[in-house]
Amino acid sequence: MPATLPPASALPSLPTQTQEAALSLLFEPSPPLLSLLQPHLSPAAQSWPELINRLRDFLLKHNASVSKGSAEEKVLIEVLGSHPRLGEKKVHSEISRMEQAAMAKASAATPQGDSEEVQEKLRVLNKEYEEKFPGLRYVVFVNARPRSVIMENMRQRIDRGDYEAEKVEGINAMCDIAIDRASKLDIVDSAKGEKSSL
């Protein structure tokens, strides 16, 4: 991955554009998400996982406090819809393309494979999920698991039918994905010209 992150400890003092670029790498581009999270970048965190977990806590509390159907809930739902659909052919973010490719590779190694039939089943489940949970998109930390495992999880969540639980699942998945992404990106302190780890 050619993209880099600034140190988490430097983020609060960096220009807004740099903050937005870093958060977009980790969470996918989403102007509403950036607006929600920017006030919570301070105080400086010592690591990306520390900062992302602070942001997770904020998002979970925010979700619990917003009224159903309110403007605040609509913003949160828009944020949760910023991740691309699993298995979608046209994915804009380089990191998401790599994650989707890892899922396809893991799927190819299973008895079901990664056939067009399996991909079609995933498309159908995505559609069913979005009809069951209007405004939401199925978000899960794939972690290089095959489509069959992901589709089983998706089916369970559709059958559970709990909209509020899906918002919580989405927030946690977004943050788990962000922590994983941060662990794979180089941390570059442009002020010092140094690379470091999380």
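Predicted model: local features only at pLDDT ≥ 70, side-chain atom pairs only at ≥ 80, totals over all residues.
Visitor: Where is confidence lowest, and where is it highest?
Guide: The lowest mean, 53, falls in strand S3, residues 194-196. Helix H3 has the highest, at 96.

Visitor: What makes up the fold?
Guide: The protein has 8 helices and 3 strands. Along the sequence the order is β-α-α-α-α-α-α-α-α-β-β. Of its 198 residues, 46% are buried.

Visitor: Why is Asp57 called partly exposed?
Guide: Its relative accessibility is 42%. Buried needs under 20%, and exposed needs over 50%. Asp57 sits in helix H3, residues 48-65. Its C-alpha atom is 9.8 Å from that of Cys175, 118 residues away along the chain.

Visitor: How do you know that Arg181 and Glu28 form a salt bridge?
Guide: Their side chains meet with N to O at 2.8 Å. The cut-off is 4 Å between a side-chain nitrogen of Lys or Arg and a carboxyl oxygen of Asp or Glu. The pair is within that limit, so the name applies.

Visitor: What does the pair tie together?
Guide: Arg181 lies in helix H8, residues 163-184, and Glu28 in the loop between helix H1 (16-27) and helix H2 (31-37), so the bridge ties together parts 153 residues apart in sequence. Both Arg181 and Glu28 are buried.

Visitor: What makes Lys167 and Glu164 a salt bridge?
Guide: The closest N and O atoms are 3.2 Å apart. The limit is 4 Å, so the pair qualifies. Lys167 and Glu164 are 3 residues apart in helix H8, about one helical turn.

Visitor: Why do Lys167 and Glu164 get their accessibility labels?
Guide: Lys167 has 1% relative accessibility. That is under 20%, so Lys167 is buried. Glu164 has a relative accessible area of 34%. That value lies between 20% and 50%, so Glu164 is partly exposed.

Visitor: How do you know that Lys184 and Asp180 form a salt bridge?
Guide: Their side chains meet at 2.9 Å, N to O. This is within 4 Å, so the pair counts. Lys184 and Asp180 both belong to helix H8, 4 residues apart, about one turn.

Visitor: Why is Arg157 called buried?
Guide: Its relative accessibility is 4%, which is under 20%, so Arg157 is buried. Arg157 is placed in helix H7, residues 147-160. Beyond four places in sequence, Arg157 touches residues including Tyr129, Phe133, Tyr138 and Gly170.

Visitor: What makes Arg157 and Val139 a polar contact?
Guide: A polar atom of the Arg157 side chain lies 3.2 Å from the backbone oxygen of Val139. The distance limit is 3.5 Å, so the pair is within range.

Methods: Residues numbered from 1 in each chain as written. Heavy atoms only, no water. Helix = DSSP H or I, 4+ residues; strand = E, 2+ residues; numbered from the N terminus. Buried < 20%, exposed > 50% of the residue type's maximum accessible area, 1.4 Å probe, protein only. pLDDT = per-residue confidence, 0-100. Polar contact = N/O pair within 3.5 Å; in protein donor to acceptor, adjacent residues only side chain to side chain. Contact = heavy atoms within 4.5 Å.
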